[in-house]
Structures are given as structure tokens and as C-alpha cells.
Amino acid sequence: MARLYVLLFLAQIVLAVCALISCLSAEEGQIRALPRIAWVLIILFFPLVGSIAWFVAGREPGAPARLAWPGGTGATERQPRRPLAPDDDPEFLRSVQDRAKKQDEELFRRWEEDLRRREDDLRRRDGEPPREGDRPEV
């Protein structure tokens, strides 16, 4: 018998917590009959009756139960999807790719200049004049 009482007590607490969360996350237009603070106090002081009263008479009957995500507006109308992270944004990805391409080209150009300089140094050391006609233009 004690187990049944504990189970009913836990069910009452869960119902009260759900009603409290629902009441606190409801929009102003979805609350009926009493102000929000009155509903919160009723749910806190009379958990079983207050919770049932909230779900029956406190909120609009057609109000959809929705989760409020942190940082979200909670609006139910469809808004244009914006990237949540930089790697979801195609424009950002394109800029990263362009930047990497420019860095690669610059690195390649420096390598070619270094290679030409070394070849010219070797030719001077061997007594040959540097050759300009053999080099491809980049």
C-alpha cells in the first residue's frame, strides 16, 4: 500500500512540474481566466487540483503544445531558415574555399620564386649566366 502512495505522490509531482512548465512557457494570448502569476501560485499551492485546472481551464483549447528551444523565438509561423553554425552557411563555406585557394596560389608562387632563385644561385656558382628563356610564366 505504501508503494502505491509513493507512486501516486510521484505522479502528482510530475503532473505539477509539467503544468508549471506549460504555464510558464505559454504565450500571453494562450492563457485564459486568470493571470499567469495566479496560475503559477495555484499550481504550486494545490499541485494536483491546480495542475488539472490549468490543463482544463487555464490554457486555450486549440493551443498547440510546443517546446521552447533556448535561443529560439518560439514563433509557430514558418520563418526562413538561417544557418545555425558557420559550416551550415554556403556563403561562409565558399569564402573559406576561396581563401584556401588564394593561400595555395601564394604558396605555389613563393615556392617557384625560391626555386628560380636557387637555380640562379647554382648557375652563378657554376659560372653560367642565369637563363631567362627556359622559365615558364606563372
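The exercises below work through a predicted model of a single chain.

**Exercise 1. The overall layout**

State how many helices and strands the chain has, and what fraction counts as buried.

Solution. 
Step 1. Count the elements: the secondary structure comes to four helices and zero strands.
Step 2. Read along the sequence; the pattern is α-α-α-α.
Step 3. Turn to burial. Of the 138 residues of the chain, 14% count as buried.
Step 4. Residues 24 or more positions apart account for 46% of them.

**Exercise 2. Helix 1 against helix 2**

Determine how helix 1 and helix 2 are oriented, and which residues make their contact.

Solution. 
Step 1. Take the two elements: helix 1 covers residues 2–25 and helix 2 covers residues 36–45.
Step 2. Their axes are 10 Å apart, and the packing angle is about 175°.
Step 3. Apply the cut-off: angles over 145 degrees count as roughly antiparallel. Helix 1 and helix 2 are therefore roughly antiparallel to each other.
Step 4. List the contact. Helix 1 supplies Ala16, Ala19, Leu20, Cys23, Leu24 and Ser25, while helix 2 supplies Arg36, Trp39, Val40, Ile43 and Leu44.
Step 5. Sort by class: nine residues are nonpolar, one is polar and one is charged.

**Exercise 3. The faces of helix 2**

Find which residues of helix 2 are buried and which exposed residues sit on the face turned away.

Solution. 
Step 1. Arg36, Trp39, Val40 and Ile43 are the buried residues of helix 2.
Step 2. Look down the axis of helix 2. The buried residues fall within an arc of 100°, so they line one face of the helix.
Step 3. Recall the helix geometry: an α-helix has 3.6 residues a turn, so residues three or four places apart point the same way.
Step 4. Identify the partners: the buried residues of helix 2 pack against helix 1 and helix 3.
Step 5. Check the face turned away from the buried side. Ile37 and Phe45 are exposed there.

**Exercise 4. Helix 2 against helix 3**

Describe the crossing of helix 2 and helix 3, and classify the residues in contact.

Solution. 
Step 1. The axes of helix 2 and helix 3 come within 5 Å. They cross at roughly 145°.
Step 2. From helix 2, the contact uses Trp39, Ile42, Ile43, Leu44 and Phe45.
Step 3. From helix 3, the contact uses Pro47, Gly50, Ser51, Ala53, Trp54, Ala57 and Gly58.
Step 4. By class, this contact has nine nonpolar, three polar and no charged residues.

**Exercise 5. Span and burial in helix 3**

Compare the span of helix 3 with that of a straight helix, then locate its buried residues.

Solution. 
Step 1. Helix 3 runs over residues 47–58. A straight helix of twelve residues would span 16 Å at 1.5 Å a residue.
Step 2. The end C-alpha atoms of helix 3 span only 14 Å.
Step 3. Gly50, Ser51, Trp54 and Gly58 are buried in helix 3.
Step 4. Seen down the axis of helix 3, these buried residues fall within an arc of 100°, so they line one face.
Step 5. The buried residues of helix 3 pack against helix 1 and helix 2. On the other side of helix 3, Val49 and Val56 are exposed.

**Exercise 6. Helix 4**

Solution. 
Step 1. Gly127 follows helix 4 and has a positive phi, near 90°.

**Exercise 7. Two single residues**

Solution. 
Step 1. Phi of Ala33 is near 75°, a positive value in a residue other than glycine. Most residues other than glycine have a negative phi.
Step 2. The C-alpha atoms of Cys18 and Phe55 are separated by 9.8 Å, although the two are 37 residues apart along the chain.

Technical notes: Residues are numbered from 1 along each chain as its sequence is written. This is a predicted model: local features need pLDDT of at least 70, side-chain atom pairs count only at pLDDT 80 or more; totals for chains, interfaces and linings use all residues. Side-chain values use heavy atoms; hydrogens and water are left out. Axes are lines fitted to C-alpha atoms, for helices over the stretch in contact, and angles run from 0 to 180 degrees between N-to-C directions. Angles under 35 degrees count as roughly parallel, over 145 as roughly antiparallel, 65 to 115 as roughly perpendicular and the rest as oblique. Contact means heavy atoms within 4.5 Å. Ala, Val, Leu, Ile, Met, Phe, Trp, Tyr, Cys and Pro count as nonpolar, Asp, Glu, Lys and Arg as charged, and the others, Gly among them, as polar. The expected span of a helix is 1.5 Å times one less than its number of residues. Buried means under 20% relative accessible area, exposed over 50%, partly exposed in between (1.4 Å probe, protein chains only). The arc is that of the directions from the helix axis to the C-beta atoms.
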